[in-house]
Amino acid sequence: MDLFKKTPFGHNLFLKKWLIRIMGLITHSRYKGFNKLEIEGSDIIRSLPEKNVLFVSNHQTYFADVVAMFHVFNAALSGREDNIKNILYLWNPKLNIYYVAAKETMKKSMLAKILAYAGSISIERTWRADGKEVNRPVKFSDISNIGTALDDGWVITFPQGTTRPWKPLRKGTAHIIKKYKPIVVPVVIDGFRRSFDKKGLYIKKKGILQSMLIKQPLEIDYDNESIDQIIEKLEYAIEQHPSFLHVIPQEELAAYEADHQKRRYSYKGN
């Protein structure tokens with residue numbers, strides 16, 4: 001590899017590769033050690049083209065979710081079948097994987113800045129800033145940056161824009177889909193909010209079964225489907241449509257809400 005070659009965002013690929021290797025080594029035991037990650041859909045990852053792929057997922061922690069995806073995607077590309085055994089799959093990681101994250105989150109600590117260098121597309125949230133509700137226009141440069149990342153490789157996004165379950169999806173994701181026409185791959189995760197604190201940095205409980213289900217790409221009529229139709233399709237695909245609430249026991253919903261409140265106030269317990 002050319003030591004001076006860079007991503008479209010100016011990040012040195014040699015440095016990025018070593019950051020992914022090191023962070024992968026540090027975090028591997030969080031998904032195969034302290035806890036177990038159950039994976040389904042590795043074959044789908046291997047069938048995807050090199051670029052213009054958008055992964056849409058529900059969201060449970062700031063960082064643990066996307067780090068797990070880096071592990072799973074690279075393991076699948078290295079021939080692992082629904083597992084992340086043998087961390088050597090990170091020796092030659094896919095370097096054109098990006099993820100959408102709030103700009104304010106990626107500036108809060110040195111660790112966040114390191115994770116941002118590994119592949120963050122930092123955007124300004126239009127609905128929330130510094131813990132307060134806001135209402136500001138979408139920055140076209142943010143949309144353009146996502147398009148640049150899709151043109152270069154794969155992008156992971158969490159269209160709810162929050163780690164709280166069953167919240168409405170932000171319509172910006174549907175606009176991006178209509179504009180750039182990517183292959184859209186749904187991902188459904190579970191167990192991460194029970195394993196980690198809200199940021200996904202600290203292990204909250206050991207022995208938790210985490211899961212990641214990678215689904216077949218969605219069939220989308222980019223030109224004729226409306227924004228609302230695409231949003232509804234995404235909600236069903238990542239299992240966050242309001243109708244799912246009707247089949248979830250009330251005690252489970254209450255437990256989710258109680259856990260959210262604990263995480264909101266940086267609760268750390270067993």
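Trainee: Over the ring of which residue does the charged end of Arg-21 sit?

Mentor: This is a predicted model, in which local features need pLDDT of at least 70 and side-chain atom pairs count only at pLDDT 80 or more, while totals for chains, interfaces and linings use all residues. Residues are numbered from 1 along each chain as its sequence is written, and side-chain values use heavy atoms, with hydrogens and water left out. A charge sits over a ring if NZ of Lys or CZ of Arg is within 6 Å of the ring centre and within 35 degrees of the ring normal. The charged end of Arg-21 lies 3.6 Å from the centre of the ring in question, which belongs to Trp-91.

Trainee: How are the rings of Tyr-31 and Phe-196 arranged, and why?

Mentor: Rings of Phe, Tyr and Trp (its six-membered ring) pair if their centres lie within 6.5 Å; planes under 30 degrees apart count as stacked, over 60 as edge-to-face and the rest as tilted. The centres of Tyr-31 and Phe-196 are 6.1 Å apart and their planes stand at 55°, so the pair is tilted.

Trainee: How far apart in sequence are the parts that this pair of Tyr-31 and Phe-196 ties together?

Mentor: Helices (H or I, at least four residues) and strands (E, at least two) are DSSP runs, numbered from the N terminus. Tyr-31 lies in the loop between α1 (13-27) and β1 (36-40), and Phe-196 in the loop between α7 (192-195) and β9 (209-214), so the parts tied together are separated by 165 residues.

Trainee: Are Phe-70 and Tyr-99 buried or exposed?

Mentor: Phe-70 and Tyr-99 form an edge-to-face pair, with 6.3 Å from centre to centre and 85° between the planes. Buried means under 20% relative accessible area, exposed over 50% and partly exposed in between (1.4 Å probe, protein chains only). By that criterion, both Phe-70 and Tyr-99 are buried.

Trainee: In β7, what is the bridge partner of Ile-97?

Mentor: β3 also pairs with β7 in the parallel sense, over 3 bridges. Both faces of β7 (residues 154-157) are covered, with Val-155 and Thr-157 buried on one side and Trp-154 and Ile-156 on the other. The bridge partner of Ile-97 is Trp-154.

Conventions: Pairing = 2+ DSSP bridges.
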